[in-house]
Structure formats: structure tokens, C-alpha cells
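I opened the model to look up its domains, its cores, its charged pairs and its ligand site. The entries below follow the order in which I went through them.

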Amino acid sequence: MSAAQKKIGMGLIGPGFIGMHHIDAVRRLGFAEVVALADHKADSARIKADEAGIPHAYGSPEELIADPDVDVIHNTTPNHLHFPVSMAAIEAGKHIVSEKPLAMDPDQCRRLRDAAKAAGVVNAVMFNYRGNPLVQQMRDMIAAGEIGTPVFVKGQYLQDWLTDDKTYSWRLDPKLGGASSALADIGSHTCDLAEHVIGSKIVSVLADLGTIVKTRYTNGSSHAFSGTQSGDLKPVEIAGEDIATVMLRFENGVRGTITVGQVLPGHKNDLQLEINGRTASLHWVQEKQNELWIGRYNAANAILQKDPSLMLPAAAKYAHLPGGHQEAWTDAFYNMVKAIYGWVQAGPSSPQPEIVSTFADATHITEIVDAMLRSNAAGNVWMNVEGK
Ligand code: SOE
């Protein structure tokens with residue numbers, strides 16, 4: 001980019017925990033700038049914009065979407081606003097980056113997918129764990145045949161931030177979060193990661209869902225990871241799942257399981273993925289993301305450290321530091337944002353970078369979660385993922 005070229009303008013709607021990481025990642029790019037922020041009220045938007053050094057602050061999504069300096073809109077609102085905000089952005093011809101899940105249900109997702117395609121805008125959903133260098137290493141090793149034919153997948157995403165009955169999140173309210181709670185929030189990441197790494201889609205599921213904490217007590221606060229609440233606590237009955245065990249079948253014949261829970265003491269952000277092939281296995285643990293376990297039948301097991309000089313070239317480009325220099329959650333998040341903005345820069349009609357999850361990919365993930373809900377409701381039976 002020459003000095004005279006205008007930077008890509010980013011506007012963020014919904015400045016919560018995750019929104020601030022979108023802002024940081026865009027700022028690291030160099031060829032984009034954060035020009036505007038919108039919150040549900042003008043005064044809170046101004047305060048948050050000032051804190052983050054952002055010039056324009058708006059009290060509604062519509063005002064931000066209309067800002068001519070905003071080229072890419074990041075939708076980090078609660079789930080129930082994903083559909084109207086993303087749709088308005090698409091209708092205004094803006095590129096759109098949404099938090100997951102893409103929308104509340106498969107129908108809304110399909111409408112967004114089709115509208116984004118018709119409008120010809122870049123569209124992406126933040127399945128950010130794809131951005132980890134060693135996740136890409138797994139993917140490339142599997143594609144290169146280094147573990148033989150994949151046969152089994154074991155994924156887990158375990159957290160404990162909802163363990164206490166005096167914790168609460170809007171994700172637990174079906175009107176704000178959707179019919180699924182833990183699966184939509186973090187099971188979605190697990191399925192996306194498994195599909196991305198083995199290069200095959202989940203076609204059917206058998207799910208057993210549970211709600212361990214059936215009554216919660218809240219003072220009205222609903223932010224993730226905000227801890228035990230105190231003060232004037234009111235009871236809320238919970239219907240959505242906080243644990244889930246699911247069996248999976250993939251299009252290419254691979255079988256697998258995922259376990260998901262948000263009330264499991266000691267598990268902070270414990271996303272893990274293991275792929276077993278006929279000649280070797282790979283196991284990656286998000287909380288130890290700089291290491292990849294390689295299991296072998298007829299040779300010693302090994303740990304591959306995140307060292308670009310030891311990694312496959314396509315994966316090594318996602319590692320920014322030499323071996324032994326630890327990279328983290330925010331770096332993987334940045335890798336995803338960098339790929340999305342590379343696509344914006346190249347133009348929406350240029351090929352979609354493989355690492356990016358589009359609205360079409362994310363629609364499929366919501367269809368998987370929907371099949372899991374249907375499987376559980378039907379008495380834990382196999383259910384096909386219904387794509388349209
Ligand atoms: C809460 O469970 C949460 O913030 C998720 O919403 C994110 O997607 C995950 O990356 C971390 O945990």
C-alpha cells in the first residue's frame with residue numbers, strides 16, 4: 001500500500017469483551033484503521049470510543065452503517081442482533097465480519113448467506129481457532145497424507161465460567177442467545193475446527209444434552225467470564241444445555257465425538273482436538289497451543305513445538321516468532337482478521353482464503369447445532385444435518 005492509498009475503514013457494532021479484540025487485531029494490520037464504534041446508546045458509545053481512541057461514536061447500528069468511511073463492519077452484538085445488523089450492513093454494500101453463531105437459527109443464517117453472496121461483499125465469521133499456526137500444521141499434515149487416512153476425531157471444549165449458580169449470561173436466554181446455549185457458543189468452534197482440519201463435513205449426529213444448573217441467580221449482569229454475582233439476585237429458570245456429548249459422522253466416513261460443557265470446574269478455555277489416522281495421530285490443546293503431539297504406532301511419539309523452521313511452509317506463515325517464543329490466543333485471532341482483510345484488499349471476487357470461515361460455512365455449523373438439538377429432542381437418535 002502506498003502512503004497515498006486510503007486505509008480500509010473498520011466500524012465495530014457491539015463493544016463487549018470480544019469486540020475489543022477485533023479492534024486490536026485490525027490495528028495490528030497496518031493497512032486498516034478503526035474509524036467508528038456503535039453501542040446501544042450514544043453516551044456509552046462515546047465513552048468506549050474515547051477509551052479506545054476511536055474517532056466516531058454512534059448510538060445505533062444504522063448510523064455506523066451509513067458512515068461512508070466504514071468499509072468493513074464487525075458485528076459483535078449479542079446473538080439476537082446478529083441477523084438484523086449483518087443484514088443491514090449487507091444491504092448497504094459493506095463487507096461484514098460477524099461473531100459466531102452467524103444468527104439465531106438455520107433459516108436466518110441462510111438468508112444472510114444468500115444476501116451476502118448476491119451483494120458480492122466479503123463475509124466472514126470469527127471461528128478464530130483456525131488461525132492457530134499448529135492447527136494449520138495439523139490440517140496441512142493431514143492433507144499431505146502424513147497421518148494416513150483419518151478415521152477418528154475427538155474434540156472437546158470445556159469451560160467453567162458458568163459453574164456457580166450465581167453466574168449468568170445472555171447466552172442462556174433463548175430470546176437473546178437462541179435455542180442452544182453451550183453448543184452454539186463453543187460446540188460450534190469444535191465442529192468448525194474438526195471439519196476445517198480434516199477437510200470433510202459433518203453429515204449426521206447423535207446428541208445427549210443436559211442442563212446441570214437449572215436455576216441461576218443474577219443481578220442483571222450477563223457478561224461472559226464476569227464471575228459470581230452479588231447484590232439483589234433474582235432467580236432465572238434455565239432450559240438451554242450447559243453440557244453435551246455428541247457422536248459425529250463425517251462425509252468421508254470418519255467417525256468422532258465431541259464433548260462440550262461450561263460448568264466443569266477447572267476447565268478455563270479447554271478446547272482440544274485429536275485426529276487419529278491409520279499411521280499417526282495428532283492432538284492439539286488450545287491452552288498449550290505452542291505444542292502439537294504426534295502419536296505413532298511404530299516409532300516414538302513426538303512433540304512438535306511451534307517453530308516455523310520445523311513446520312510445513314503453508315502453516316509456518318501463521319507463526320510470527322521463532323521457536324520458543326510463545327504465541328497466544330490474540331495472535332491466532334489476528335491471523336484470522338489478517339486473512340479476512342487480505343480478502344477485502346484483493347476484492348470480494350478474488351478467491352476466498354481457505355482459512356476464512358464464510359457465511360456459507362457458518363450456516364452449515366448452525367445446521368449442525370440444529371441437528372444436535374433435534375437429535376436430543378427426538379430421544380437421542382441419529383439425525384442428519386439438513387442443508388439447504
Ligand atoms: C465464552 O464461552 C467464550 O467467550 C466464547 O463465546 C468464545 O467464542 C470462545 O472463544 C471463548 O469463550
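**Domains.** I began with the spacing of the two domains: the centres of domain 1 and domain 2, taken over C-alpha atoms, are 25 Å apart. Domain 1 covers 8-128, and domain 2 covers 132-324 + 363-377; such bounds come from an automatic or database domain assignment. I then looked up the contacts between them (contact means heavy atoms within 4.5 Å). On the domain 1 side 17 residues take part, and they meet 20 residues of domain 2.

**Ground rules.** I noted that this is a predicted model, in which local features need pLDDT of at least 70 and side-chain atom pairs count only at pLDDT 80 or more, while totals for chains, interfaces and linings use all residues. Residues are numbered from 1 along each chain as its sequence is written, and side-chain values use heavy atoms, with hydrogens and water left out.

**Cores.** I looked up nonpolar cores next, meaning sets of buried Ala, Val, Leu, Ile, Met, Phe, Trp, Tyr and Cys residues joined through side-chain atoms within 4.5 Å. For burial I used relative accessible area: buried is under 20%, exposed is over 50%, and partly exposed is in between (1.4 Å probe, protein chains only). The largest core has 108 residues, and the members touching the most others are Val205, Ile275, Ile340, Tyr341 and Met372. Helix α10 (residues 329-346) supplies the largest share of this core, ten residues. Helices here are DSSP runs of H or I with at least four residues, strands are runs of E with at least two, and both are numbered from the N terminus. Domain 1 and domain 2 both give residues to the core, so it lies between them.

Beyond its neighbours within four places in sequence, Tyr341 contacts Ile8, Met10, Val26, Leu29, Phe31, Ala32, Val72 and His74. I also found a second, separate core of seven residues, with Tyr168, Leu172, Val213 and Ile238 among them.

**Salt bridges.** I counted a salt bridge where a side-chain nitrogen of Lys or Arg is within 4 Å of a carboxyl oxygen of Asp or Glu. The structure has 21 of them.

- Arg46 and Asp50 pair at 2.8 Å, N to O. Both are in helix α2 (residues 42-52), four residues apart, or about one helical turn. Arg46 is partly exposed at 31% relative accessible area.
- Arg113 and Asp114 pair at 2.9 Å, N to O. Asp114 is partly exposed, with 41% relative accessibility.
- Lys306 and Glu327 pair at 2.9 Å, N to O. Lys306 sits in the loop between β16 (302-305) and α9 (313-316), and Glu327 in the loop between α9 and α10, so the pair ties together parts 21 residues apart in sequence. Lys306 is buried at 3% relative accessibility, and Glu327 is buried at 6%.

**Ligand site.** Which residues are closest to the ligand? Of the 13 residues that surround it, the closest are Lys100, Tyr129, Gln159, Asp185 and His189; a residue is listed if one of its heavy atoms lies within 4 Å. I then checked polar contacts, which are pairs of N or O atoms within 3.5 Å; within protein, one must be able to donate a hydrogen and the other to accept it, and residues adjacent in sequence count only if both atoms are side-chain atoms. An N or O atom in the Asp185 side chain is 2.6 Å from an oxygen atom of the ligand. For a polar side-chain atom of His189 the distance to a ligand oxygen is 2.7 Å, and for one of Arg171 it is 3.3 Å. I also noted that Lys100, Arg171 and Asp185 are linked in a network of salt bridges.

**Asp242.** Is Asp242 buried or exposed? Asp242 is buried, at 1% relative accessible area, in the loop between β10 (234-237) and β11 (243-250). A polar atom of its side chain lies 2.7 Å from the backbone nitrogen of Ile212, and one lies 3.0 Å from that of Val213.

**Leu134.** Leu134 is in helix α6 (residues 133-143) and is buried at 1% relative accessibility.
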